[in-house]
Amino acid sequence: MIFLGIESSCDETGVALIEAQASGVPRLCAQALYSQIDMHRAYGGVVPELASRDHIQRVLPLAREVLADAAISLHEIDVIAYTQGPGLAGALLVGAGVAVSLGAALERPVWGVHHLEGHLLSPFLSVDPPAFPFVALLVSGGHTQLMRVDDVGAYALLGETIDDAAGEAFDKSAKLLGLGYPGGPALAGLALVGNPARFDLPRPLLHSGDLNFSFAGLKTAVMTTLRKLGEQPTEQDRADLAASTQAAIVDVLARKSLTALKSTGLTRLVVAGGVGANAALRDRLGLEAAGRGFKLHYPELALCTDNGAMIALAAAMRWQRKGASADSGHHFQVRPRWPLATA
Ligand code: KG4
Ligand code: ZN
């Protein structure tokens with residue numbers, strides 16, 4: 001079975017082809033991605049209307065590219081999968097519209113996929129795929145969640161952020177530090193030459209006894225610290241503040257993940273979403289895993305941020321479990337807000 005995946009929930013247009021047998025890990029045949037980051041950079045963040053307009057221009061050329069790369073013809077596609085939510089409504093509608101049109105023209109089923117399900121299954125395309133069950137730490141620009149994953153489609157929310165997402169904490173702190181968009185990689189870059197112990201920034205909800213997160217207070221602390229540093233903070237001040245901010249975020253993410261592993265008794269941790277690319281987070285979790293004997297799984301770096309491969313993969317793994325999905329009509333639906341536990 002050949003699955004076409006289309007991702008258009010935010011600022012990346014992704015298209016990919018996955019081939020799956022009735023069992024075994026599906027295979028990525030080809031994937032293509034167009035990132036709108038350069039376009040949004042001028043505005044300091046994603047402009048939803050511009051995102052939608054750009055997805056429309058990218059999605060068909062990217063689809064042609066993956067078909068050519070994989071030497072697969074349009075008629076060989078068995079299922080068309082698209083990101084149904086969560087995400088920006090207008091952006092989601094582009095992927096949904098193209099998917100449903102293709103499905104109607106080719107007389108193939110069209111399946112709506114949950115964006116976060118794509119992220120948490122994405123390590124199955126890595127060289128060291130996880131086994132079920134596992135704890136998933138989903139850390140992106142819009143979400144910060146710990147999930148218990150027993151199987152494809154069996155997701156239980158263990159905890160989530162009550163305000164900003166981890167990626168947002170990176171992005172907003174980076175903006176305060178005068179760094180460009182997206183802030184995560186920029187802040188991580190500056191942090192490389194900074195002292196993470198210089199500023200003692202808050203780690204909210206660290207001892208809350210649950211698995212929820214809160215990052216909104218961090219940007220206020222960054223702002224206050226910057227103010228104390230005066231009009232002209234030195235390069236070293238800024239680097240130390242970047243490193244201390246990153247250390248606070250990483251510390252909370254790592255400790256809550258450890259608590260989730262302990263409370264569930266599970267021994268595998270999957271880390272997915274854009275912030276999963278962060279080297280400091282990976283180093284910390286690597287040290288904890290070595291010390292405590294749990295196993296860590298990441299998607300390949302190219303599949304950490306949004307992409308079409310994870311959407312086609314989620315559809316393929318659902319098909320392997322259940323055969324045809326109930327949701328295979330050619331109707332149009334997007335769900336900008338959609339809790340994963342109900343997917
Ligand atoms: O999963 P993703 O590509 O898109 C969403 O679904 O949100 O995640 C994007 C987020 C942004 O906030 C970006 O700043 C952050 O991931 N990010 C990073 C790194 N790379 C991307 N944050 C910290 N360190 C990184 N290396
Ligand atoms: Zn994402």
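Analyst: A residue counts as buried under 20% relative accessible area, as exposed over 50%, and as partly exposed in between (1.4 Å probe, protein chains only). The model is predicted, and local features need pLDDT of at least 70, side-chain atom pairs count only at pLDDT 80 or more, while totals for chains, interfaces and linings use all residues. Residues are numbered from 1 along each chain as written, chains are lettered from A and ligands numbered from 1 in the order of writing, and side-chain values use heavy atoms, without hydrogens and water.

The structure contains 20 salt bridges (a side-chain nitrogen of Lys or Arg within 4 Å of a carboxyl oxygen of Asp or Glu). One of them joins the side chains of K172 and D164, with N and O 3.2 Å apart; K172 is partly exposed, at 28% relative accessibility, whereas D164, at 8%, is buried.

Another salt bridge brings D251 and R284 together, their closest N and O atoms lying 2.9 Å apart. This pair links distant parts of the chain, since D251 belongs to helix 8 (residues 235-264) and R284 to helix 9 (residues 279-292), 33 residues apart (helices, H or I of at least four residues, and strands, E of at least two, are DSSP runs numbered from the N terminus). D251 is buried, with a relative accessibility of 7%, and R284 is partly exposed, with 22%.

A further bridge stays within one helix: E288 and R292 both lie in helix 9, four residues apart, which is about one turn of the helix, and their side chains meet at 2.9 Å, N to O. E288 counts as buried because its relative accessibility is 14%, while R292 counts as exposed because its value is 57%. Seen together, D251, R284, E288 and R292 belong to a network of salt bridges that also links R203 and R255.

H119 sits in helix 4 (residues 115-121) and D306 in the loop between strand 10 (295-297) and helix 10 (309-322), so the two tie together parts that are 187 residues apart in sequence.

Turning to the backbone, cis peptide bonds join F132 to P133, with omega about -5°, and Y181 to P182, with omega near -5°. P133 lies in the loop between helix 4 and strand 6 (134-139), and P182 in the loop between helix 5 (166-176) and helix 6 (183-191). Most residues other than glycine have a negative phi, and most peptide bonds are trans. A71, which is not a glycine, has a positive phi near 50°; this residue is found in the loop between helix 2 (48-70) and strand 4 (79-85) and is exposed, at 66% relative accessibility. L205 likewise has a positive phi, about 65°, without being a glycine; L205 lies in the loop between helix 6 and helix 7 (216-228) and is partly exposed, at 29%.
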